[in-house]
Amino acid sequence: MQSTNDLSAASVTRKFDIIIVGAGFAGMYMLYKARELGLSALVLETAGGVGGTWFWNRYPGARCDVESMQYSYSFCEELQQEWQWSERYASQPEILKYANHVADKFDLRRDIRFNSRVSSAIFHEGERVWQLSTDDGEHYYAKWCVMATGCLSAAQRPNIPGLGTFKGEIYHTGNWPQQPVDLSGRKIGVIGTGSSGIQVVPELAKLAKHLYVFQRTPNFSIPARNQLMDSAYEAEWKQSYAERRTAARNMPAGILSDIGTNSALAVSPEDRLAEYERRWAAGGTGFTAAYSDLLKNEDANGTAAEFVRKKIREVVTDPAVANLLAPVDHPIRSKRICADTDYFATFNRQNVTLVDLRANPLQEVSEHGLTAGSQFYELDTFVLATGFDAITGALSKIDIVGRQALTLKEKWQDGPNTYLGLMTSGFPNLFIVTGPGSPSVLTNVIVAIEDNVNWIAGCLAYLITRDAQTIEAMASAEQGWMEHVGQAAEGTLYTKAKSWYLGVNVPGKPAVFMPYVGGVPAYQKICEEVAADSYRGFDTHANRDSVHSLQVVA
Ligand code: NAP
């Protein structure tokens with residue numbers, strides 16, 4: 001750890017009011033808001049460009065499952081009017097183009113240091129300064145630090161015996177090469193059938209000599225029914241964008257959608273079937289918003305789950321394969337629901353084989369392929385669609401040290417604790433965007449990001465006005481909030497699935513349901529009330545020896 005003397009000797013260019021980690025959608029907007037407050041700000045970013053998760057997830061077929069008209073920033077009317085999405089659901093390249101457009105429009109890059117992976121963040125208690133160090137040995141200092149590190153940004157590689165011995169190529173969907181990858185004519189093995197696997201499989205099937213899909217657990221997926229953007233639809237949105245954004249923020253997921261208010265069990269089977277058919281034909285994840293109790297009542301949920309299983313059996317011609325693809329081990333939407341383009345139909349192709357890892361457990365990878373059960377599969381390429389160390393993974397990759405040398409890893413060893421998902425006690429002046437305990441991944445994440453960043457900016461303005469040197473979540477407020485987060489999840493079917501929401505996909509990670517299921521309006525109301533009540537549950541300290549002065553002195 002750097003000494004106090006070193007700190008004061010650090011050059012002006014390495015001292016900032018605020019350092020933001022990550023230049024994805026959260027980091028870019030945080031930088032914009034920090035500038036509005038007149039703060040000197042630096043963004044440190046591992047990648048060579050902006051976009052965060054959309055920078056890394058370049059796999060064939062990568063596409064958002066929230067409609068483009070809604071999966072975008074709302075903070076600037078000019079931006080939302082000028083940008084034109086070409087499809088109902090934007091592809092990864094188009095979202096990345098949008099992120100770059102935003103960076104250009106607001107001249108963000110001049111305050112972003114790319115190719116700078118933050119390895120540690122240490123709070124110097126005496127000076128009340130955060131020191132951030134990067135892999136290349138640089139050190140930066142700031143009064144405030146914002147972790148805009150993303151919820152789905154730490155790719156999770158499976159621990160498969162022998163994977164390191166494989167002589168062919170290995171790609172992870174969440175860390176796809178930036179150079180084009182030619183997979184035509186290859187024998188490809190995909191491991192993983194979550195949202196990423198379900199998107200990549202149909203694209204790889206078109207290229208591969210043979211595609212083996214190694215499935216441990218099947219997932220529910222709804223046809224996305226992606227299409228070119230309808231200009232009339234786009235115009236409708238743009239005529240009343242602000243009103244629609246407000247209406248979306250009044251929806252639980254922050255997405256303007258058609259949410260059913262009836263119980264699935266209160267309507268006749270004929271009406272229910274007609275409603276499911278209508279939503280299936282419309283496409284997209286809104287399918288599971290058909291009834292109010294699909295996430296609360298197992299019988300209600302079963303009606304939707306069975307409908308989807310029947311659809312899978314209708315599409316997939318081999319009944320044995322269809323059975324394997326039909327999920328039975330978890331309620332629909334208790335894991336993140338997927339949206340696909342021709343996923344199930346892909347298994348009707350001659351060059352695609354589904355390998356059931358439950359019946360034929362994965363034994364080992366060797367130089368030229370993989371053994372599952374007693375069968376060896378010769379492969380040229382592995383595509384690992386094995387997901388993420390979600391929500392906390394990117395934070396745990398950084399050595400974060402708070403007051404009294406407390407590390408975040410130690411503090412969160414039994415599961416993450418935060419107050420509102422925004423701060424964690426023992427770590428003053430450290431904010432988290434879409435942290436554990438916030439709605440984050442259960443919502444349109446751009447709405448979640450904007451709301452969190454707006455709250456942080458409001459909080460910073462409050463602290464500056466009062467010349468408060470530190471703000472820290474109180475342990476009691478944090479405990480109360482986490483109890484509320486846990487209780488909210490217990491009332492739902494979310495806890496019935498072994499999902500990444502609970503962290504059980506990562507060996508050794510404590511099983512704690514991390515996102516807040518209370519929805520955008522309820523969460524936002526609580527955040528606003530806390531702020532209006534002089535940041536209830538946070539300790540703020542005003543001190544004579546201002547940390548700001550470090551910058552002036554140096
Ligand atoms: P995921 O949902 O966690 O799926 C990972 C898959 O890999 C699962 O099928 C899992 O099987 C399998 N797997 C992991 N380790 C394995 C092992 N050792 N052996 C065999 N199989 C293994 O990850 P993801 O598909 O990347 O999606 C994560 C989240 O990212 C999504 O839920 C979504 O929120 C987001 N996402 C969104 C989009 C979109 O907007 N359209 C696209 C991609 C991702 P088990 O289930 O048996 O563990």
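This is a predicted model: local features need pLDDT of at least 70, side-chain atom pairs count only at pLDDT 80 or more; totals for chains, interfaces and linings use all residues.
A search of the whole structure turns up 5 cavities of 30 Å³ or more. How are such spaces found? Rolling a probe the size of a water molecule over the atoms shows where empty space is left. The residues that line the second largest cavity are Gln70, Trp237, Arg245, Ala248, Arg249, Gly254, Asn444 and Val447.

Domain 1 takes in 4–154 + 390–549, domain 2 takes in 163–257 + 315–384, and domain 3 takes in 258–314.

Now turn to domain 2 and domain 3. Their C-alpha centres lie 23 Å apart. Across the boundary, 23 residues of domain 2 are in contact with 20 residues of domain 3.

An open sheet is formed by 5 strands in the order S7-S16-S8-S9-S12, and their pairing is parallel. At the edges you will find strand S7 (169–172) and strand S12 (352–356), each of which pairs on one side only. From one strand to the next, the twist averages 20°. For a detailed view, follow S7 alongside strand S16 (residues 381–384): the two pair in the parallel sense over 4 bridges. Here tyrosine 171 stands opposite valine 383 in S16.

There is also an open sheet of 3 strands, in the order S13-S14-S15, and in this one the pairing is antiparallel. Why is one side of strand S13 (362–366) and of strand S15 (375–378) left without a neighbour in the sheet? Both stand at the edges with a single partner strand each, so one side of each has no neighbour there. The twist in this sheet averages 20° from one strand to the next. Look finally at S13 and strand S14 (residues 369–372), which run antiparallel and are joined by 4 bridges. If you pick out leucine 362, you will find that its bridge partner in S14 is alanine 372.

Note on methods. Residues are numbered from 1 along each chain as its sequence is written. Side-chain values use heavy atoms; hydrogens and water are left out. Two strands pair if DSSP finds at least two bridges between them. Axes are lines fitted to C-alpha atoms, for helices over the stretch in contact, and angles run from 0 to 180 degrees between N-to-C directions. On a 1 Å grid over the protein atoms alone, a cavity is a set of points where a 1.4 Å probe fits but cannot get out, and a pocket is an open set with protein on both sides within 12 Å along at least five of seven lines; lining residues have an atom within 4 Å of a point. Grid points are joined across faces, edges and corners, and a volume is the space filled by probe spheres set on the points. Domain bounds come from an automatic or database domain assignment. Contact means heavy atoms within 4.5 Å.
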